[in-house]
Amino acid sequence: MGLVVAPGGLGTCDELFELMTLMQTGKIKRNLPIILIGKTFWKACINWEAFVEYGMISEADASQLVFVDTADEAFEALTRGILAVEAAEAGNPQSPSRKSLKSNPVSPTPMPVSVSFKPAERPKVSGEERIA
């Protein structure tokens, strides 16, 4: 389990922040991989470093985010993240995911994927025209 997020608007950000909040508050116990497709987009739209600098999130929270540019990179990062979660749970036989994996083993199906995102052109806006 993990989250892969493509560039989007407020609804997309809401879903992203909801999952991050659930992990931060311990409602979700696993350190799930969060993959953001479109490095330029996500770093331009949200100043992640400012959240850390102002103490709103920890460095550990911010380090959960993996920025990629292609679907292939996203798939690789998601796979690595899931394997890391499974490895962390391997020593815990009481883990719900370990129980379900033993009773319902799943073989991953390789999917050919090749998508890249080009940053959208943004019009230049003067300070007076921006919404405060």
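Which residues does Ile34 touch, not counting residues up to four places away in sequence? In this predicted model, the contacts of Ile34 are Leu3, Leu16, Leu19, Met20, Met23, Gln64, Leu65 and Val66. The legends below begin with the whole chain and then take up the surroundings of Ile34 and other sites.

**View 1. Overview of the predicted protein chain, with 6 helices and 3 strands.** Read from the N terminus, the elements follow one another as β-α-β-α-α-α-β-α-α. Of the 132 residues in the protein chain, 25% are buried. When contacts are taken between residues at least 6 apart in sequence, 71% of them join residues that are at least 24 apart.

**View 2. The open sheet of 3 strands, in the order E1-E2-E3 with parallel pairing.** Strand E1 (3-5) and strand E3 (65-68) stand at the edges and have a single partner strand each, so one side of each is left without a neighbour in the sheet. From one strand to the next, the twist averages 20°. E1 and E2 run parallel and are joined by 3 bridges, while strand E2 (residues 34-37) pairs with E3, also in the parallel sense, over 4 bridges. In general, the strands of a sheet pair through backbone hydrogen bonds, in either a parallel or an antiparallel manner.

**View 3. Helix H1 and the β-α-β unit.** E1, H1 and E2 together make a β-α-β unit that is right-handed. Strand E2 pairs with E3 in the parallel sense, and helix H1 (residues 10-24) packs on the sheet, where it touches E1, E2 and E3, with its direction making about 160° with that of E2.

**View 4. The largest nonpolar core, with 14 residues.** The residues with the most contacts inside this core are Leu16, Ile34, Leu36, Trp42, Trp48 and Leu65. H1, E2 and E3 each supply at least two residues of the core, and H1 gives the most to it, with 5 residues. Apart from this core lies another one, of 6 residues, including Ile35, Ile37, Val68 and Ala77. In soluble globular proteins, nonpolar side chains tend to be buried together.

**View 5. The salt bridge between Arg30 and Glu89.** The structure holds 1 salt bridge, formed by Arg30 with Glu89, and the closest N and O atoms of the pair are 2.6 Å apart. The pair links distant parts of the chain, with Arg30 in the loop between H1 and E2 and Glu89 in helix H5 (residues 71-89), 59 residues apart. Are the two partners buried or exposed? Arg30 has a relative accessibility of 24% and therefore counts as partly exposed, whereas Glu89, with a relative accessible area of 12%, is buried, the limit for buried residues being under 20% relative accessible area.

Definitions and conventions
Residues are numbered from 1 along each chain as its sequence is written. This is a predicted model: local features need pLDDT of at least 70, side-chain atom pairs count only at pLDDT 80 or more; totals for chains, interfaces and linings use all residues. Side-chain values use heavy atoms; hydrogens and water are left out. Two strands pair if DSSP finds at least two bridges between them. Axes are lines fitted to C-alpha atoms, for helices over the stretch in contact, and angles run from 0 to 180 degrees between N-to-C directions. Contact means heavy atoms within 4.5 Å. A crossover is right-handed if, with the strands pointing away from the viewer, the path from the first strand over the helix to the second runs clockwise. A salt bridge is a side-chain nitrogen of Lys or Arg within 4 Å of a carboxyl oxygen of Asp or Glu. Buried means under 20% relative accessible area, exposed over 50%, partly exposed in between (1.4 Å probe, protein chains only). A nonpolar core is a set of buried Ala, Val, Leu, Ile, Met, Phe, Trp, Tyr and Cys residues joined through side-chain atoms within 4.5 Å.
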